[in-house]
Amino acid sequence: NSKELFCMEHKQRSMAVVSVYLILEQHNRVLLSLRKNTRFFDGMYGLVSGHVEEGETIIQGMIRETEEEAGIILNPSTLSLVHVMHRNQGRLNVDFFFTCTAFSGTITNKEPEKCEELNFFPLDALPTNTIVYIQQALNAFRTKKLYSEYGWEHSK
């Protein structure tokens, strides 16, 4: 059918950005990073996170970002995928959220030019200035919901 062929030729594939986030939990508290000088949610709390780089697996990206931002070393065998979010916020993102059962090193703010502080907060009492999609992901983690979407209600 020529109409179907025409439609198939003009569909555009998603060019989503792949991001990774660490939900580092200790005693029902989660490690949050207060962002600054990033031009993306400055003055708000997020997780240790970053973009997966070209030629890097999602796990490799998570390990690299955690070491770059928080100074701790993760072993792939200690990581567990706990949530995936398909997010639409001016660009498309596919976000992978991990927990870890162990790490080596000491938690240190290795990017003070981008991070005001790293601190633990109760999972059920996050700061009011926590990024909304991070709040959604942490709630999904607490309720063991593996997948969610954010920002799509405005895209139709």
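The model is predicted, so local features require pLDDT of at least 70 and side-chain atom pairs pLDDT 80 or more, whereas totals for chains, interfaces and linings use all residues. Residues are numbered from 1 along each chain as its sequence is written, and side-chain values use heavy atoms, without hydrogens and water.

The protein chain contains three helices and nine strands, where helices (H or I, at least four residues) and strands (E, at least two) are DSSP runs numbered from the N terminus. From the N terminus, the order of elements is α-β-β-β-β-β-α-β-β-β-α-β. Of the 156 residues, 41% are buried, that is, under 20% relative accessible area with a 1.4 Å probe, protein chains only.

Helix α2 spans residues 58-70 and reaches 18 Å from its first C-alpha to its last, close to the 18 Å expected at 1.5 Å a residue; the expected span is 1.5 Å times one less than the number of residues. Among the buried residues of α2 are Gly61, Ile63 and Ala70. The buried residues of this helix pack against β1, β5, β6, β7 and β8. Just after α2, Gly71 adopts a positive phi of about 70 degrees.

Ser148 lies in strand β9, residues 147-150, and counts as buried because its relative accessibility is 5%. Beyond its neighbours within four places in sequence, Ser148 is in contact (heavy atoms within 4.5 Å) with His83, Val84, Met85, His86 and Gln136.

Technical notes:
Buried means under 20% relative accessible area, exposed over 50%, partly exposed in between (1.4 Å probe, protein chains only).
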